[in-house]
Amino acid sequence: MTSLQDLTSKFRHIRLLLARERGHPEGDREEGYDVLVPLTNEGRIDAEEWKSHQASCRVRRFRTGEEDLIGRLRRKPGGQWYFDYTDGDRDDEIGFHLGDERFVTGEYVSIERNGAMHTYQVARVERP
């Protein structure tokens, strides 16, 4: 388990909430992700810091009526970021251009889950 002592000053807790989409015209505050990751001063994922602290880069997916999934932020050769929950790639969730996105309150990021793209709004960015 990650403890605060394992984290550098670049780490942030990011809360992503489902934005408006078909079936959720107001979005959904009960569906999203909590991500623990190092960020640059511009609010982007700090790949160098991630590289040396991979075990501390965590994600929790939450959805009403389902158990939370706990996983890690990983990076594929070529630079594509994804959320990895168990061995194998069947449950992986791919971040669409996640390395280019700014994790700043109010911004949007897209994550592919089960072949469908979903948009999430950055609701909160804070020190853990």
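Analyst: Strands here are DSSP runs of at least two residues marked E, numbered from the N terminus. The model is a predicted one.

User: Where does Gly79 lie?

Analyst: Strand β4 covers residues 69-75, and Gly79 is placed with reference to this strand and β5. Gly79 lies in the loop between β4 and β5.

User: Is Gly79 buried or exposed?

Analyst: A residue counts as buried under 20% relative accessible area. Gly79 has a relative accessible area of 19%, so Gly79 is buried.

User: How far apart in space are Gly79 and Gly99, C-alpha to C-alpha?

Analyst: In sequence, Gly79 and Gly99 are 20 residues apart. In space, their C-alpha to C-alpha distance is 7.6 Å.

User: How many aromatic pairs are there?

Analyst: Rings of Phe, Tyr and Trp pair if their centres lie within 6.5 Å. By this rule the count is three.

User: Is the pair of Tyr33 and Phe83 stacked, edge-to-face or tilted?

Analyst: Planes under 30 degrees apart count as stacked and over 60 as edge-to-face, with the rest being tilted. The rings of Tyr33 and Phe83 are 5.1 Å apart, centre to centre, with 45° between the planes. The pair is therefore classed, by the cut-offs for plane angles, as tilted.

User: Which strands does the pair of Tyr33 and Phe83 link?

Analyst: The two residues are 50 residues apart, and their pair links distant parts of the chain. Tyr33 belongs to residues 28-38 and Phe83 to residues 81-84. The strands are β2 for Tyr33 and β5 for Phe83.

User: Is the pair of Tyr33 and Tyr120 stacked, edge-to-face or tilted?

Analyst: The ring centres of Tyr33 and Tyr120 lie 5.1 Å apart, and the angle between the planes is 75°. An angle over 60 degrees decides the class. The pair is edge-to-face.

User: Why does the pair of Tyr33 and Tyr120 tie together parts that are 87 residues apart in sequence?

Analyst: Tyr120 lies in strand β8, which spans residues 116-126. Tyr33 lies elsewhere, in strand β2, so the pair ties together parts 87 residues apart in sequence. The two elements concerned are β2 and β8.

User: Which side chain does Arg15 join in a polar contact of 2.5 Å?

Analyst: Arg15 lies in strand β1, residues 11-18. Leaving aside neighbours within four places in sequence, Arg15 is in contact with several residues, including Tyr33, Asp34 and Gln121. The side chain joined to Arg15 by the 2.5 Å polar contact is that of Asp34.

User: What volume does the largest cavity have?

Analyst: One cavity of 30 Å³ or more is counted. Its lining includes Ile14, Leu16, Val35, Val37 and Phe83. β1 and β2 each supply at least two residues of this lining. The volume of the largest cavity is about 50 Å³.

User: Is Asn114 buried, partly exposed or exposed?

Analyst: Asn114 lies in the loop between β7 and β8, and has a positive phi of about 55° although it is not a glycine. Over 50% relative accessible area, a residue counts as exposed. At 70% relative accessibility, Asn114 is exposed.

Definitions and conventions:
Residues are numbered from 1 along each chain as its sequence is written. This is a predicted model: local features need pLDDT of at least 70, side-chain atom pairs count only at pLDDT 80 or more; totals for chains, interfaces and linings use all residues. Side-chain values use heavy atoms; hydrogens and water are left out. Rings of Phe, Tyr and Trp (its six-membered ring) pair if their centres lie within 6.5 Å; planes under 30 degrees apart count as stacked, over 60 as edge-to-face and the rest as tilted. Helices (H or I, at least four residues) and strands (E, at least two) are DSSP runs, numbered from the N terminus. A polar contact is a pair of N or O atoms within 3.5 Å; within protein, one must be able to donate a hydrogen and the other to accept it, and residues adjacent in sequence count only if both atoms are side-chain atoms. Contact means heavy atoms within 4.5 Å. On a 1 Å grid over the protein atoms alone, a cavity is a set of points where a 1.4 Å probe fits but cannot get out, and a pocket is an open set with protein on both sides within 12 Å along at least five of seven lines; lining residues have an atom within 4 Å of a point. Grid points are joined across faces, edges and corners, and a volume is the space filled by probe spheres set on the points. Buried means under 20% relative accessible area, exposed over 50%, partly exposed in between (1.4 Å probe, protein chains only).
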